[in-house]
Number of protein chains: 2
Amino acid sequence: MSRFWSDTVRDLAPYVPGEQAHAPGLIKLNTNENPYPPSARALAVLSGEVGPKLRLYPDPSSRSLKLALAQRCGLDPANIFVGNGSDEVLAFCYMAFFKGRGPLLFPDVSYSFYPAYARLLDVEVVPIPVTDDFRIDLEPYCGRSVGACERPGAIMLPNPNAPTGLALDRNQIQALLANVPDRLVVIDEAYVDFGAESAIPLVREYENLLVVQTFSKSRSLAGLRVGFAVGSAELITGLDRVKNSFNSYPIDRLAECVALAALQDEEHFTACRDKIIHARERTREKLRALGFVVLPSRANFLFASHPRVPAHQLVRALRDRRILVRHFDQPRIDQYLRISIGTPDEMEALVSALGELTSSTEYESVETHR
Amino acid sequence: MSRFWSDTVRDLAPYVPGEQAHAPGLIKLNTNENPYPPSARALAVLSGEVGPKLRLYPDPSSRSLKLALAQRCGLDPANIFVGNGSDEVLAFCYMAFFKGRGPLLFPDVSYSFYPAYARLLDVEVVPIPVTDDFRIDLEPYCGRSVGACERPGAIMLPNPNAPTGLALDRNQIQALLANVPDRLVVIDEAYVDFGAESAIPLVREYENLLVVQTFSKSRSLAGLRVGFAVGSAELITGLDRVKNSFNSYPIDRLAECVALAALQDEEHFTACRDKIIHARERTREKLRALGFVVLPSRANFLFASHPRVPAHQLVRALRDRRILVRHFDQPRIDQYLRISIGTPDEMEALVSALGELTSSTEYESVETHR
């Protein structure tokens, strides 16, 4: 605490990212990274002409990348915003659309960055409980007014949700959009490519929709920091105004050209995605055979709970075996592990370790523990 | 204007970056980029092992880069913050230190991003006029209270100043720090390596000092987006808290390792800097010989005014000759050109063009125009 801190910074509760372990030989299933490298075509860019050009500022509007994304979405570049990872895009949404416009609604079991942004950027939030089986029930999001505020507020929905992996169908999203025309709905689709339905085809029809995606997961580029938003030209202009009052150049030259090349390698994208979906489904079956409850995920991770062995003990015992998974010490989900999908070998090692751990009598039961 | 915009975004006046022209063959002296490529050692990193690792998140605390910067500054990594260009670092300062703590003072002729941040991040600003010869007189920054506010406020000083290029000496900064112990002083040293004195040696002694620098100028890495701040561990913690509530990973893997390698190539750094300083001094002499008033710059640009030919006409005529320089249509400086220092050949082309233009009778005089 410094006497020069603002009141804002004093009261923050910053987001804590998953551990970025530096030790070699770890099986790292804790931060939902892609186990496969980025497209070779994307990496080839790095040996090209981009290096010497680093002396020049990047294109502040990332036009080439916007154009390629627009073509992919069947929209116009004016419908695309590009930012430094979807995290930055989401932060800009708080400033552009949420601040001072009423409460922001999001699921209580969700990405733990949502409330961290709100504290920094002074946005009122109303977490809406997910159901007992972790589904998002959309009915509470449709109330005409929420709380005491008369302004319409906004909705943030991760789809698929993290850390549950559960997805809403596009027709559910569409019904919500039609029900709350005065409430902006941001769909955070970080994991959508692993089997859920994107809301992007609804952008033309619903001006209250903004869809956010990332290159970090399905494009194997978590280390590159590129995310984007898709919405009406007016919403995108709002994001641009914030960006140009904050940091004109969040996308560096390397990031723009690597992302562009990655986007063009459809074959690599599909092959990696299919391998991950296949490994996810196989791992889910095997974990269920070990007695785990495993939610039906459409993301690149599984959310799993053992009826007998406490999750925090499993996390520690897996770590002793050099396997990292993520555990959230939060109400409702503290008995669950979030397991990123790695290569088949990595998943085999995980299942084997969990098989030993859950059959051992060494670990106290959930009942004893609680 | 969208009905979903926040009041904040509606009222913004975003910063307008210098034009990033895409046409080939331009002599681009408008955005203070370095005319020389980055260190070959820095670029060699791109052909190494970093590409396949892009599937993994970067180190959220950029430890390797912080360590190298700390060693260079004779400080501890806890004294260093790294961000996505100094623009992002400055934006974080507004949230961490300026908001709600009284007025922010900065020179009225200065980096035009300062007021843009303030509108977005809700910080009261008090521009302090520079003298008639564009110097920063520090006396008005030392007043016990500024305006009606009783909170101490903060000071932002670019050193050297942009777009004037004029610098304060370290002993002037030191006297200011001692005079206003309750007021945080941020020194924006984007251009300091081209001949001014850094305030970094004062960090140990003055807890009210934060120094911000960038890799964009003297390291030829404008396209990479890496900036950093140096200050007390408590100030750095404040910036970290903001970053971790906004975007955990603003520095991508490529940026961290290229910046690190660039920092280690002292020889390339010194050689490029010396060439630029030499070209600046030669260009200044030649422009003065053409009748220009040219401020004594310690940055990688010159600020110059012709007593007869209006600046806006010179900008347009240079552009017709495929030479870009920057002109600010603002009170007090609208008769000046800001000319980035390029290669000797580029500066020769500029001087030659200005020689023709200022000797021509085609252009109306400043007197006629005004």
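How many residues apart are Arg10(A) and Asp7(A) in helix 1 of chain A, and what does that spacing amount to in helical turns?

The model is predicted. Arg10(A) and Asp7(A) are three residues apart in helix 1 (residues 7-10) of chain A, so about one helical turn separates them. The two residues form a salt bridge. Their closest N and O atoms are 3.4 Å apart.

Side chains of opposite charge can pair when their charged atoms come close. Over all chains, the whole structure holds 32 salt bridges.

## The interface between chains A and B

Chain B puts 86 residues in contact with 87 residues of chain A. Together the two chains bury about 7,300 Å². Carbon and sulfur atoms account for 56% of that area.

Six salt bridges link chain B and chain A. One pair that forms a salt bridge is Arg3(A) with Glu207(B), whose closest N and O atoms are 2.9 Å apart. On the side of chain B that touches chain A, five elements of chain B give two or more residues: helix 1 (7-10), helix 4 (85-98), helix 5 (113-121), helix 7 (233-243) and helix 8 (253-264). Helix 4 of chain B gives the largest share, seven residues. By class, this side of chain B has 44 nonpolar, 20 polar and 22 charged residues.

## The seven-stranded sheet of chain B

Chain B has an open sheet of seven strands. Their order is 2-8-7-6-5-3-4, and the pairing is mixed. Strand 2 (80-83) and strand 4 (125-128) of chain B stand at the edges. Each has a single partner strand, so one side of each lacks a neighbour in the sheet. From one strand to the next, the twist averages 20°.

Strands of a sheet pair through backbone hydrogen bonds, either parallel or antiparallel. Strand 6 (residues 184-188) and strand 7 (residues 209-214) of chain B run parallel, joined by four bridges. Asp188(B) has Val212(B), in strand 7 of chain B, as its bridge partner.

## Helices across that sheet

Which strands does helix 3 of chain B lie across? Helix 3 (residues 63-73) lies across strand 2 and strand 8 (227-231) of chain B. Its direction is at about 130° to strand 2 of chain B.

Helix 6 (residues 170-179) of chain B lies across strand 5 (154-158), strand 6 and strand 7 of chain B. Helix 6 runs at about 160° to strand 6 of chain B.

## The three-stranded sheet of chain B

Chain B also has an open sheet of three strands, in the order 9-10-12. Here the pairing is antiparallel. Strand 9 (293-294) and strand 12 (336-340) of chain B are the edge strands, and each pairs on one side only.

Two bridges join strand 9 of chain B to strand 10 (residues 301-305) of chain B in the antiparallel sense. Val294(B) stands opposite Ala304(B), which is in strand 10 of chain B.

## Backbone exceptions

Most residues other than glycine have a negative phi, and most peptide bonds are trans. Where does Ser220(A) lie? Ser220(A) is in the loop between strand 7 (209-214) and strand 8 (227-231) of chain A. Ser220(A) is not a glycine, yet its phi is positive, about 60°.

In chain A, the peptide bond from Ala162(A) to Pro163(A) is cis, with omega near 5°. Pro163(A) sits in the loop between strand 5 (154-158) and helix 6 (170-179) of chain A. In chain B, the bond from Asn159(B) to Pro160(B) is cis, with omega near 0°. Pro160(B) belongs to the loop between strand 5 and helix 6 of chain B.

Technical notes
Residues are numbered from 1 along each chain as its sequence is written. Chains are lettered from A and ligands numbered from 1 in the order in which they are written. This is a predicted model: local features need pLDDT of at least 70, side-chain atom pairs count only at pLDDT 80 or more; totals for chains, interfaces and linings use all residues. Side-chain values use heavy atoms; hydrogens and water are left out. Contact means heavy atoms within 4.5 Å. Buried area is the accessible area (1.4 Å probe) that two parts lose on being put together, summed over both. A salt bridge is a side-chain nitrogen of Lys or Arg within 4 Å of a carboxyl oxygen of Asp or Glu. Ala, Val, Leu, Ile, Met, Phe, Trp, Tyr, Cys and Pro count as nonpolar, Asp, Glu, Lys and Arg as charged, and the others, Gly among them, as polar. Two strands pair if DSSP finds at least two bridges between them. Axes are lines fitted to C-alpha atoms, for helices over the stretch in contact, and angles run from 0 to 180 degrees between N-to-C directions.
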